[in-house]
Amino acid sequence: MTIEEEVFQKQRPDFTKLTAAGFTKRKRDYQFEQDFMAGQLRAEVRVDFTGHVSGTVIDNGTGEEYLPLRAVHCGPFAAQVKSGYIDLLGEIARRCFVPEPFHGAQANRLSAWIQQEFHDQPEFVFKKLPDYAVFREPQSQKWYGLVMNISWAQLTGKTSASQDKVEVIDLRCPQEEQAALLQLDGAYPGYHLNKKNWICVLLDGTLTDEALHRLVLASRKTLTKPRSWLFPANPKYYDIMHAFADTDLLTWKQSARVRVGDTVFLYVSAPVKAIIYRCRVVKTDIPCDYRGANLKIDRVMQLQLEYRYDHTQFPLSLLRQYGVKSVQGPRHLPAALLEELDH
């Protein structure tokens, strides 16, 4: 990595600020020149139209490039020159560059799209791996994307003269779809995560942004599929049997990780002891501040009635045959029972 690449990594130029910072626009790039080290040396910094930064340090006494700057082991004066040059580059970065979360342009475009689409921010959770970031589905708090900066050899098992490190993203995928997805250019089995349920995709332009968006949507969707819940309703505290008499919308305590689109079956406790209503969740996380003798509510959801069952169809005696011995709080339903309820 060059000095310029190290200083400007994870940053992109704001081209509107370059000329104000002293850059001159040329045919293929912008160039900046400034003397430093008490006028002994001159820095020439170039930013091309892709955002790549390069530079040269000229010895003003000889008019030639000051080569010790790039030496692995340098003497005291060369070390001072390098420090002064890095300070100069750092000032340029502060004045007309914008910090980015990732190294590559495609990774940064993808991150911006995810934030715009879902408001999910990249989380840099690994202290020893500062280039690794996760994208997390807010309600489940599970990852649907893991961006990494890894060596080409680690990913492919092969060495490459032109490839050193590459930026990739691990994405979830259904196991039955993985074989087809691995046929895509730039797709590999999941790296660092379970190879059965994840794929690893290059973020180097091999796949188009639109193709990446589809893969991210599919990965996130595995964590946001509509689910079915069984909620208890106690007629001692609420007249649930007549709640839908004049409306098909009902506000209900939200006490589980329910999402819009989920199905909620309402089980009416004694004396009814049966599932009576099937509802669709149409709104969640509605603030509420209710404090009663038997109930405290901080947030509610809105349910839309879809179907009303006769109290003889799914009584507790039948639920027990499917493994539901009691309904004392929100819970998921056994698959066999859910199939019967959906008939």
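Predicted model: local features only at pLDDT ≥ 70, side-chain atom pairs only at ≥ 80, totals over all residues.
1. By class, 13 of the residues lining the second largest pocket are nonpolar, eight are polar and one is charged.

2. The largest pocket has a volume of about 1100 Å³. Its lining is made up of 34 residues, and Q9, K10, H103, G104 and A105 lie nearest the centre.

3. Where does the lining of the largest pocket come from? At least two residues each are supplied by α1 (3-8), β1 (11-13), α4 (105-118) and β10 (165-172). The largest share belongs to α4, with six residues.

4. Why does the largest pocket lie between domain 1 (3-99) and domain 2 (105-224)? Both domains give residues to its lining, and therefore the pocket is placed between them.

5. The lining of the largest pocket divides by class into 13 polar, eleven charged and ten nonpolar residues. For the second largest pocket, the corresponding lining holds one charged residue, with eight polar and 13 nonpolar ones.

Notes:
Residues numbered from 1 in each chain as written. Heavy atoms only, no water. 1 Å grid on protein atoms, 1.4 Å probe; cavity = no way out; pocket = protein on both sides within 12 Å on 5 of 7 lines; lining within 4 Å. Points joined across faces, edges and corners; volume = space filled by probe spheres on them. Helix = DSSP H or I, 4+ residues; strand = E, 2+ residues; numbered from the N terminus. Nonpolar A, V, L, I, M, F, W, Y, C, P; charged D, E, K, R; others polar. Domains from an automatic or database assignment.
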